[in-house]
Amino acid sequence: MDAARKSFVGLAWLFVLAVAIQFLLAGLGLMGGESIEAHRQWGFVALHLIPILMLVSAIVGRMGRYVIGLTVLLFLLVFLQPLFADPELDPRWLRSLHVLNALFIFALGLHLARRETRTGGTGGASTAESNVGPN
């Protein structure tokens, strides 16, 4: 279980880095004269895969309902992200939620990474408490 918790922390920080790379790729695609395709592909592969691996680590590591719940929320926000960028989305103003949701994704990923780094991946409780406590 300790390996799963350490894995979660590493994956959480990797996710934060992946989101930062995603912002860079978006900037290159929108303002740097590059194709937006790298942004699309990176987001689809890295940002969908890492939260799934985080969730598996959180469950195997018995990190508690709080961490598991926030990790599920992170995956859901990432899952919704490409839907907000759909050119067919109507009304068109809903497309602006793509940028706002990206901010929420980054903030939640950073929160999980910092929280679990501080607690050593235990969710702030002992192993016994992390199974039943509100964390």
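Which residues is Met54 in contact with, leaving aside its neighbours within four places in sequence? The legends below take up this residue and then other parts of a predicted model.

**View 1. Contacts of Met54 in the predicted model.** Leaving aside its neighbours within four places in sequence, Met54 is in contact with Phe8, Leu11, Ala12 and Phe15, and also with Thr71, Leu74 and Leu112.

**View 2. The largest nonpolar core.** This core has 21 residues, and those that touch the most other members are Phe8, Phe15, Met54, Leu74, Ile105 and Leu112. Each of the helices α1, α2, α3 and α4 supplies at least two residues of the core, and the largest share, 7 residues, comes from α1. In soluble globular proteins, nonpolar side chains tend to be buried together.

**View 3. The largest pocket and its lining.** The space in the largest pocket amounts to about 750 Å³. Its lining is made up of 25 residues, of which Gln22, His39, Gln81, Ala85 and His98 are the closest to the centre of the pocket. Sorted by class, the lining of the largest pocket holds 16 nonpolar, 7 polar and 2 charged residues.

**View 4. His98 and its contacts.** His98, placed in helix α4, is one of the residues closest to the centre of the largest pocket. Its relative accessibility is 18%, and because the cut-off for a buried residue is under 20%, His98 counts as buried. Leaving aside its neighbours within four places in sequence, His98 is in contact with His39, Gln81, Phe84 and Ala85; among these, His39, Gln81 and Ala85 are also listed with the residues closest to the pocket centre.

**View 5. The cis peptide bond between Asp90 and Pro91.** Asp90 and Pro91 are joined by a cis peptide bond, for which omega is about 5 degrees. Pro91 belongs to the loop between α3 and α4.

**View 6. Arg62, a residue other than glycine with a positive phi.** In the loop between α2 and α3, where Arg62 has its place, the phi value of Arg62 is near 50 degrees. The relative accessible area of Arg62 is 44%, and this residue is therefore described as partly exposed, the class that lies between the cut-offs of under 20% for buried and over 50% for exposed.

Key. Residues are numbered from 1 along each chain as its sequence is written. This is a predicted model: local features need pLDDT of at least 70, side-chain atom pairs count only at pLDDT 80 or more; totals for chains, interfaces and linings use all residues. Side-chain values use heavy atoms; hydrogens and water are left out. On a 1 Å grid over the protein atoms alone, a cavity is a set of points where a 1.4 Å probe fits but cannot get out, and a pocket is an open set with protein on both sides within 12 Å along at least five of seven lines; lining residues have an atom within 4 Å of a point. Grid points are joined across faces, edges and corners, and a volume is the space filled by probe spheres set on the points. Ala, Val, Leu, Ile, Met, Phe, Trp, Tyr, Cys and Pro count as nonpolar, Asp, Glu, Lys and Arg as charged, and the others, Gly among them, as polar. A nonpolar core is a set of buried Ala, Val, Leu, Ile, Met, Phe, Trp, Tyr and Cys residues joined through side-chain atoms within 4.5 Å. Buried means under 20% relative accessible area, exposed over 50%, partly exposed in between (1.4 Å probe, protein chains only). Helices (H or I, at least four residues) and strands (E, at least two) are DSSP runs, numbered from the N terminus. Contact means heavy atoms within 4.5 Å.
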